[in-house]
Amino acid sequence: PLRMKQHTENAQALAELLETHPKIARVHYPGLPSFPQYALAKKQMSGFSNLIAIDVKGGKEAAFRLMNHLSIIDISNNLGDAKSLMTHPATTTHSNLSADDRARIGIGDGVLRLSVGLEGAEDLKADLLNALEAV
């Protein structure tokens, strides 16, 4: 319980930060009021998860630039660890789908998935903000 509490608190802080960043087109996180099923998530969940999806403006090139400038968050095809991990679903988990099929389910070339770990929230914020400077 304590571990998941820290995961979700970190994720909430990062989702709120990213939602206001000018280089991010959209943040998908059930703990944000902008999430389409926010009211339902709030009713059913005691924590909103450690998984965040972000859509980086500038597509694949910008998304890769962001990932390549991270120093704390690791790039991985697997999500769900004590360490923060990021993946680019269009070239990993959903690479077998056509671009049209990926677009239909909301996985454009700029989409990244972030599994937020147990590192300090301020350290994770600084890592993302620094990486976003390169975008």
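Reply: Going from the N terminus, the elements of the protein chain run α-β-α-β-α-β-β-α-β-α, which gives 5 helices and 5 strands. Those are DSSP runs, numbered from the N terminus: helices are H or I with at least four residues, strands are E with at least two. Bear in mind that this is a predicted model, where local features need pLDDT of at least 70 and side-chain atom pairs count only at pLDDT 80 or more, while totals for chains, interfaces and linings use all residues. Residues are numbered from 1 along each chain as its sequence is written, and side-chain values use heavy atoms, with hydrogens and water left out.

His-7 has a relative accessible area of 1%, so it counts as buried (under 20%, with a 1.4 Å probe and protein chains only; exposed is over 50%, partly exposed in between). Skipping neighbours within four places in sequence, His-7 is in contact with Asn-50, Asp-81, Ala-82, Val-116, Gly-117 and Leu-118, contact being heavy atoms within 4.5 Å.

As for the surroundings, of the contacts between residues at least 6 apart in sequence, 64% join residues at least 24 apart. Buried residues are 41% of the 135 in the protein chain. The C-alpha trace spans about 35 × 30 × 25 Å along its principal axes.
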